[in-house]
Amino acid sequence: MNEASASTARRLLHLEDVYKSYGDKLVLENIDFAVRAGTLCSVVGPSGCGKSTLFRLVLGQEAADSGRLFVDGRPIDGPAQDRGIVYQRYSLYPHLTVIENAMLGKTLPAGFGERRRRAKEWREEAMQYLERAGLAAHADKHPHELSGGMQQRVAIAQALIKRPKILMMDEPFGALDPETRENMQVFLLELWEEERMTIFFVTHDMEEAIYLGTRVVVLSQHYTDDRGHGPGVKRGARVVCDYELPSAVASTKVKRSPEFVALADEIRRIGFDPKVLQHVTEFNLRHPDSFQTLQPEEARGPREAA
Amino acid sequence: MADAAAHARSAPPSLLAPLRRNFLLGLLPFLVVAAVYFFASQQRLAENPQDKLLPSLAQMADAVWQHAFQPDPRTGDYLLLADTWASLKRIGIGVGLAALAGLLAGINMGLLPKVRMLLSPFLTFLSMVPPLAILPILFIALGVDELSKVALIFLGVFPVIARDLMMSTAQIPREQIVKAITLGATTTTVIYRIVLPQVLPRLIDAVRLSLGGAWLFLIAAEAIASTEGLGYRIFLVRRYLSMDVILPYVLWITALGFAADWLLRQVVLRRYRWYVAGGSA
């Protein structure tokens, strides 16, 4: 472990030297980064770059081929209650009502007796979350009776009642129409302002990533290193840039401001354009929680900055 | 003018008309069959009053009266009641056990790939065996009592239900299960609180679909070796060409099947609104 990684090992989420492949295809290559508590960290990258794979690794749904993954200093070993999830779909249980879904995090681990005893208390707590999501009136409906945006609000309430250390979201607004999507982005930001929880937000939508994130991590397979591009070199996605962004809730109009557009263009060029190949030593990883451990063959000697 | 507009349409309007329930239209085939039957019956009976092939309504009513409301002189039983009870007991136990075993096997196969690999080929094989072909084996192995009849229904119905539930369990998105674990579920709670409640309406539907086959197996088994039961009775009186008994019995069996189907459908409609709505969030 080098110096950089030692200083970030105390971060809430810490990934180091993480590799993941499916069969012959290397998906994630030497992923390094850490996330500090209270960060709204969005992860963006071209489609198929391995964002969802990274999500599943952090979740513990799949194991990395190699590397170290920690949540709050503990190695990740399967999905657990310290990481709540909101998926794009299938987050809610169709056979339960909205309020039953919202209080599931309380009722699911409890035995029959405790469930009977504390049902009222839990219901009230879940109701508070639903009220904040503007869904109190729909508590006794089933998910299929709600619109897509409402379903995602319930899914967020359902995850939050567990007070997870990290709220993990995988394209949570990807199936919504543009207007609902913006409303949900504002809703999530307001919620984050109040709670300052740690959110790991995976999306392929650049504007969404920049608008929401207090930090944007860009994952991409378009880069180069000292191994070149010979036939034997397998290349998976890695963190190619990492930005710290202002954390204030802004109107969605900010998406049209020049700075916003410029940043989006820069990320698109670096991360999404297959012809732009940065060398691994040139990555913009100036975020304080960012670090990089390179293999000797990836960067053989000290290089001049370009 | 209106005609010209109608001709201009490419599809005939009747194909595009909204589907409205039309009770009378549905009744029509029944009325036609009944009319043809009673006309033919009347013709035959006019020629030969002893004719047994197409009994009149009065003859059938008399037979129903004898079987349903008069105790049998030999046993003192009300035959229709005793037959119905015997048959329903067999089909109920057979289908009930098959549903229970199918639920257990289906959920385990749907959730656990190892169990699926273990059981799936055998279950496929079992579902391909025509159940009636193994009836003799059952009679030889289990005797001609109740057990072999229940076993026939079980063997005919179980593979269908198990495969159906395996598929609906496997269709539950993986995300739901991972999410349940992050909400604090264990393997047991995933099965009992997430999977089971979601496949229960599917189980009822699978039972509804398999009831037709179950009646077939029941009647076949009763026809071959039994001393009571609806199937036994119609095959018994066949020897005397007693169409006046057979026809009401067939209608009665149909009514029982229809009632069972309707009842199960009502349970699903009332208790599982989310399932009927195709709700998958």
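This briefing covers a strand sheet in chain A and a helix pair in chain B. The model is predicted: local features need pLDDT of at least 70, side-chain atom pairs count only at pLDDT 80 or more, and totals for chains, interfaces and linings use all residues. Residues are numbered from 1 along each chain as its sequence is written, while chains are lettered from A and ligands numbered from 1 in the order in which they are written.

**Sheet in chain A**

- An open sheet of mixed pairing has six strands in the order E6-E7-E8-E3-E9-E11; strands (E, at least two residues) and helices (H or I, at least four) are DSSP runs numbered from the N terminus, and two strands pair if DSSP finds at least two bridges between them.
- Strands E6 (83–86) and E11 (238–244) of chain A stand at the edges with a single partner strand each, so one side of each has no neighbour in the sheet.
- Strand E3 (residues 40–44) of chain A pairs with strand E9 (residues 215–220) of chain A in the parallel sense over four bridges.
- A:Val43 has A:Val217 in E9(A) as its bridge partner.

**Helix pair in chain B**

- Helices H10 (residues 187–224) and H12 (residues 243–271) of chain B pack at an angle of about 175°, their axes 9 Å apart; axes are lines fitted to C-alpha atoms, for helices over the stretch in contact, and angles run from 0 to 180 degrees between N-to-C directions.
- H10(B) and H12(B) are therefore roughly antiparallel to each other (angles over 145 degrees).
- Residues in contact (C-beta atoms, placed from the backbone, within 7 Å) include B:Leu211 and B:Trp215 in H10(B), and B:Leu264 and B:Val268 in H12(B).

Note on methods:
Parallel < 35°, antiparallel > 145°, perpendicular 65-115°, else oblique. Contact = placed C-beta atoms within 7 Å.
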